Amino acid sequence: MVPKLHRELTPIGAESTGLEGLDLRLTVNLRCHGTGTLTTVAVVNRSAPGPKAVDAACLFQSGMTATPENSWIVPYPERTEAGAHPDDESFRLIYRDAQTYAVGHGCSGDWGDPDGDGRSRWAKADPLPEYEAPSITPDIVLEDGTALTVSMAQLAGTEPGGITQLEKVLTEYARWIEARKLQAAEMEEQFRPTAERHVAECARALERMREGLELVREPHSHVGRAFRLANAAMLKQQLRSGAELRTTQVLDGRIHVAGGPPDEEAAARAGRGNWRAFQIAFLLSAIPSTADPSHPDRRSVDLIFFPTGGGKTEAYLGLSAFAMLLRRLREPSDAGVTILMRYTLRLLTAQQFLRAAGLICALEYLREREEGLGSERFSIGIWVGGDSTPNKNAEAVAKLKKLSSEGGDNPFLLLRCPWCAAQMGPVKSIDTPGHASGGRVRTPRGRPKGKQKTNPVAGYEEYGGRVLFLCPDTSCDFARTRCPLPVYVVDDDVYDRRPSLIIGTVDKFALLAWNPRARALFGLGDSGERDWSPPDLVIQDELHLIAGPLGSMTGLYEGLIEELCTDRSNGAAAPPKIVASTATIRRHEEQVRALYARETVHLFPPHGIDAADSFFAVYARDRATGTLLPGRRYVGVHAPALGSMQTTQVRSFAALLQAAKDAPEDAQQDPWWTLMAFFNSLRELGNSLSLMQSDIPDYLKTINNRSSADRTGVRYLNRVEEMTSRLRQDQIPEAMEKLAQKAQDGKAIDVCLASSLIEVGIDIDRLSLMAVVGQPKSTSQYIQVTGRVGRKWDKRPGLVVTLYGAAKPRDRSHFERFRSYHQRLYAQVEPTSATPFAPPALDRALHAVAVAYIRQTAEKDLPPFPFPAARFDEAEKLLRARVAFCDPGEDGRVASVLAKLRKEWVHWQPTDWGTAGGTAELGQLMRTAGHYVDDAVGESTWPTPTSMRGADAECRAEITQQYKLEGARQ
């Protein structure tokens, strides 16, 4: 045992160089810790500047390496808590080889890779740490070198061998599970129970896949046919979705679309049209509970847990296609809403809307050619806030006219045909028709040839008081008035047409208390009775974002939404199937229980024994050598000597920007040309915008003036854009198009200043360089944000430079544990929480949920007076049952609040429900939360949210006369 020891060592002059005028000390502290010795080594500079400049007595970017003689370094002991959460135990198992061997103090700790016994031979202090995170790939390659993929064409029945391919996937997974079972049995005692639990969960997933496989074997059953048609639709969508945008122009008064429709054969030759193993495995596992409302797994939640860029969207789009087709095959006239697909951010909503619209076009293409799918069209609607899309048809027509005459905002979202990639929306007008050959030409309906509009718009047409989407290419299947694109963006159309698939934000569901027309989405007629089947499938993307205050509000409404989606037409209650997806989550069972009141969650794919291999997702390795392929590289910058974060930004950004300019070839320049700079707040972003205009260009000149290197010239910042919530809805797709421009074209963005808007939904392959200014608020956000670069990891994995604030203890801590943090990044994700029945949530929205239930299930024109006691009793029963499951301790509080609401409603005797966003008046039951009201109105109306997000109440300043009265008395 080594006693506590402190030593201070001085460098030996004869064995040292470059130490003239410096007074350095090496301090070493040894103290016992558990079964080993904790060693702290520090370099101390005690040099006095004297008459010299301070910099002459300083050490910059200093580091040191400590190598124990006749010994080794073992990991820091981990605290093991009795009764630890299963999720914590799971991450402890799969990251058991990613241990911490050193921690920095004012620097970052690094160490040599441990040997087979978990021992490292050296540790060092690193002033500029870096870590290369392994690339995770869903592309599985078997031992014989063949790729484990499944052809959509084969499963669609156009080529033989589909079922055989499915059996191969399941057989390989079963073989993998058996190998993991043997591995688990030989593990250390502390890990064995968790490893065996993981193996059991994998076996359960395999059984669910086998059950799904048996259901789809029979080609003539409803399930089997729906599965084959779903694959045919997904195949069409895949082969067409990757097409380049076809430019649309108005030439001499006629619309001209460049090029021809997407080449499906070329896309197939390029490898499109195949399921990844995890995608088709998930589809098989979810089919039984989607097809059978009475299946035990119907009341479970399927959670797709896969890294960013792995293909989660295609997995649940495939399930969506299956659900829509199955409903039509069983009852061709049942054409209500089948899918509710919800997102949290408007950027993600708009982008996924375009992807899903391609699938709907493919389904509609099949419906016209296949028997038994009914006469009603497959269609898609987007249901978001009025700031993004019009609420009324009259409003949509007026906005289209304004767009055509004055330009400005485009509220129609669709900027390209989802079927043939023709450009839609505002287009350029050219007087000379010189380049019309080789494209498709049409004359806009109702406009004489040669007569041009000031701001021509392609693809949006007014017809019968509505706005239709007609593809500008006359050869497209969706270019005719009687067969427009099956897309609805206006709320009026969404309520009247009841699209097969609804994409919306979670915030929009707050309007259920305000708008009884929304009942149409749930199959309810004007009488409150069920006229059509309710949605069968509810999909929630990016589940980790439904947390905190937003999660609490969402969870409160979820009980109502599930009730509206529950079908009781056959006697027994058939709840909707719920599918969620995320790339970053922790303790998902608790979140699902709070949000959806579901006891069981099926994580897919289940964890393996270690992070490098869950069968469906593996670390990318060289096939010949087995070594890891290049991954995303993280670099940490912590510069306390620079004095401010702004100076750190100037030096770091300038160096990164100039390095891209100095790359020898255009092909090497492009991935690094655009610097994505992420900021935690708009305030910080605004400060940096001014740096881009002055300080950084000046420092780029300084770099070139003092450099002796052979440079290609000064880097100039010609295009600085921002990607933040300050952008209008129609500006977001335009900004993404700009980010896709390549450096070779001379139009590439130099710097993109971004906020949390980019956390999800930016899928641009060329982006490979990012700077993160300050450690983000959560690890989940850090993973999501940095996942925007290096998406083509097989060609350019990406570089992320994180700038840590010297004045922020949290930033400093992350810098000092840089390697420890990044090598266990997914294990560092903080648990999410949602407390829908907490007092603040009840005060804000419990009354809104009760009112929403009454207004959606009663007669459409039901007045608020007399008090609807029977319906209020039903709402109370629903809410009391929900809280009893989710949070029994709050049952008494919920009952008390409901009793108070009942008493107020009865005594107020309101004559009007109120209008969302309108002026609050006496006699109304509800007023818009956050709006200013007089005291008299405020005391007899309920402040009711129109969004799930927080809204601070407005106030008015009033100049008091009290000072006059007090002055007169003195």
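Which residue lies over the face of Phe 509, and at what distance from the ring centre? I looked this up before anything else.

**Entry: charges over rings.** I found Arg 342 over the face of Phe 509, with 5.4 Å to the ring centre. The rule I applied requires NZ of Lys or CZ of Arg within 6 Å of the ring centre and within 35 degrees of the ring normal. I also noted Arg 715 over the face of Trp 673, at 3.7 Å from the ring centre.

**Entry: basis of the notes.** I am working with a predicted model, in which local features need pLDDT of at least 70 and side-chain atom pairs count only at pLDDT 80 or more, while totals for chains, interfaces and linings use all residues. Residues are numbered from 1 along each chain as its sequence is written, and side-chain values use heavy atoms, with hydrogens and water left out.

**Entry: aromatic pairs.** Rings of Phe, Tyr and Trp (its six-membered ring) pair if their centres lie within 6.5 Å; planes under 30 degrees apart are stacked, over 60 edge-to-face, and the rest tilted. Phe 867 and Trp 905 form an edge-to-face pair, 5.2 Å centre to centre with 70° between the planes. Phe 867 is in the loop between α22 (839-857) and α23 (869-886) and Trp 905 is in helix α24 (residues 891-908), so this pair ties together parts 38 residues apart in sequence. Helices (H or I, at least four residues) and strands (E, at least two) are DSSP runs, numbered from the N terminus.

I then checked burial, where buried means under 20% relative accessible area, exposed over 50%, and partly exposed in between (1.4 Å probe, protein chains only). Phe 867 is buried at 18%, and Trp 905 is buried at 1%. Elsewhere, I recorded a cluster linked by ring pairs: Tyr 173, Trp 176, Phe 282, Phe 604, Phe 615 and Phe 616.

**Entry: helix α1.** I counted seven buried residues among the nine of helix α1 (residues 86-94), so the helix is largely enclosed by the rest of the structure. Among the buried residues are Asp 87, Glu 89 and Phe 91. The buried residues of α1 pack against α4 (192-217) and α13 (588-596).

**Entry: cysteines.** I looked for disulfides, taken as pairs of cysteine sulfur atoms within 2.5 Å, and the count came to zero. Cys 420 is in no disulfide; its nearest cysteine sulfur, that of Cys 471, is 3.3 Å away. Cys 420 is buried at 2% relative accessible area, whereas Cys 32 is partly exposed at 38%.

I placed Cys 483 in the loop between β21 (466-469) and β22 (487-488). Cys 483 is buried, with a relative accessible area of 3%. Setting aside residues up to four places away in sequence, Cys 483 touches Glu 368, Arg 377, Asp 477 and Phe 478, a contact being heavy atoms within 4.5 Å. From Cys 483 to Leu 468 I noted 15 residues in sequence and 9.8 Å in space, C-alpha to C-alpha.

**Entry: a three-stranded sheet.** I traced an open, antiparallel sheet of three strands in the order β4-β6-β5. Two strands pair if DSSP finds at least two bridges between them. β4 (64-66) and β5 (108-111) stand at the edges with a single partner strand each, so one side of each lacks a neighbour in the sheet. β5 pairs with strand β6 (residues 123-126) over four bridges in the antiparallel sense. Within β6, Ala 125 is the bridge partner of Gly 109.
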